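Colleague: I'm new to this one. Can you put it on screen and walk me through it?

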Amino acid sequence: MYKRIMVALDQSFMTGRVLATAVELAKATGAQVAICHAIDETLLAQREVAMMLPNSVGKTEARLRLGARGFLDQAAETARKAGLEVEIKVVESEHKHVSDMLIEAAAEWQADLLVVGTHGRRGIERYFVGSVAERLVRKGRRSLLLVRGEAPDD
């Protein structure tokens with residue numbers, strides 16, 4: 001079965017559900033776990049933003065990293081309380097889509113399963129925001145577990 005499970009978290013309403021699913025599966029299979037978060041810096045890398053906020057971009061990036069580390073530490077503590085050994089991974093890029101960062105992180109860590117949440121976006125929001133889960137399905141080369149969720153107002 002699965003020996004190395006990477007779970008991707010994003011500080012959304014799905015975080016608890018995705019983590020609980022990955023923890024349950026890891027306990028059942030005796031798998032190692034890595035909890036990963038991808039920081040999307042593409043907006044900050046745009047020339048116009050950098051010109052408007054030349055001194056703020058670096059501070060914003062630092063805050064994003066610190067925030068990610070804090071919520072990943074909490075997630076790791078939850079998994080450790082369940083008896084798992086956990087690694088934490090923060091990946092970031094100014095040029096790559098979140099899905100590409102997660103694919104690369106899972107390959108580098110040699111995960112045999114990637115666990116992610118799907119937010120249930122529909123219509124125009126999905127068109128503009130896109131779906132990390134959908135891109136992972138199309139582009140990924142390893143097993144993928146999608147933890148379905150409905151938006152809180154559905």
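Modeller: Here is a short tour of salt bridges and nonpolar cores. This is a predicted model, where local features need pLDDT of at least 70, side-chain atom pairs count only at pLDDT 80 or more, and totals for chains, interfaces and linings use all residues. Residues are numbered from 1 along each chain as its sequence is written, and side-chain values use heavy atoms, with hydrogens and water left out.

Colleague: How many salt bridges does the structure hold?

Modeller: There are 3. A salt bridge is a side-chain nitrogen of Lys or Arg within 4 Å of a carboxyl oxygen of Asp or Glu. One joins Glu-104 and Lys-96 at 2.8 Å, N to O. Another pairs Lys-89 with Glu-87 at 3.6 Å.

Colleague: And what does Lys-139 form a salt bridge with?

Modeller: Asp-100, with the closest N and O atoms 2.7 Å apart. Lys-139 lies in helix H7 and Asp-100 in helix H5 (residues 98-109), so the pair ties together parts 39 residues apart in sequence. Helices here are DSSP runs (H or I, at least four residues), numbered from the N terminus.

Colleague: Is Lys-139 buried, exposed or partly exposed?

Modeller: Partly exposed, at 37% relative accessible area. Buried means under 20%, exposed over 50%, partly exposed in between (1.4 Å probe, protein chains only).

Colleague: New topic. How many residues has the largest nonpolar core?

Modeller: It has 22, including Val-7, Leu-9 and Leu-84. Such a core is a set of buried Ala, Val, Leu, Ile, Met, Phe, Trp, Tyr and Cys residues joined through side-chain atoms within 4.5 Å. Apart from it lies another core of 17 residues, among them Trp-109 and Leu-136.

Terms used: Helix = DSSP H or I, 4+ residues; strand = E, 2+ residues; numbered from the N terminus.
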